[in-house]
Amino acid sequence: MSDEESTEYCTMLCDDPSHEVVLIDCGSREMDVTRAVREVTGLSLWHSRVLARRAPVTLLQGLSADGARSAVALLLSAGARAEWREEPEPGERTVPSP
């Protein structure tokens with residue numbers, strides 16, 4: 001390659017940024033929500049119960065919008081308050097909105 005030729009590099013941005021699923025409150029149906037957390041995360045029943053009781057807590061990260069939406073739908077159907085949102089940039093953590 002000669003000095004006159006140059007190489008141009010571009011950074012491509014993903015159209016679908018990663019999303020996270022946040023359990024805001026498990027509500028009055030704690031056992032149903034615990035089972036839903038287990039189904040969504042793949043954790044044991046005991047670990048799922050611990051997470052449900054620690055709400056507000058981020059359950060999943062790095063999901064597509066569709067994956068996050070379906071996880072939240074499952075949690076909502078179990079009686080939980082949950083939401084999905086775009087993951088913040090590294091170093092920029094936010095507290096779940098009440």
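**Exercise 1.** At what angle do helix α1 and helix α2 pack, and how far apart are their axes?

*Solution.* The structure is a predicted model, in which local features need pLDDT of at least 70, side-chain atom pairs count only at pLDDT 80 or more, and totals for chains, interfaces and linings use all residues. Residues are numbered from 1 along each chain as its sequence is written, and side-chain values use heavy atoms, with hydrogens and water left out.

Step 1. Helices are DSSP runs of H or I with at least four residues, and strands are runs of E with at least two. Here α1 covers residues 30–41 and α2 covers residues 45–53.

Step 2. Axes are lines fitted to C-alpha atoms over the stretch in contact, and angles run from 0 to 180 degrees between N-to-C directions. The angle is about 115°, and the axes lie 8 Å apart.

Step 3. Contact means heavy atoms within 4.5 Å. Among the residues making this contact are Met31 and Val37 of α1 and Leu45 and Leu51 of α2.

**Exercise 2.** Which residues of α2 are buried?

*Solution.* Step 1. A residue is buried under 20% relative accessible area and exposed over 50% (1.4 Å probe, protein chains only). Ser48, Leu51 and Ala52 of α2 are buried.

Step 2. Because these residues cover an arc of only 100° around the axis, they lie on the same side of α2; the arc is taken from the directions from the helix axis to the C-beta atoms.

Step 3. The face turned away from that buried side carries the exposed residues Trp46 and Arg53.

Step 4. The buried residues of α2 pack against β1 (19–25), α1 and β2 (57–63).
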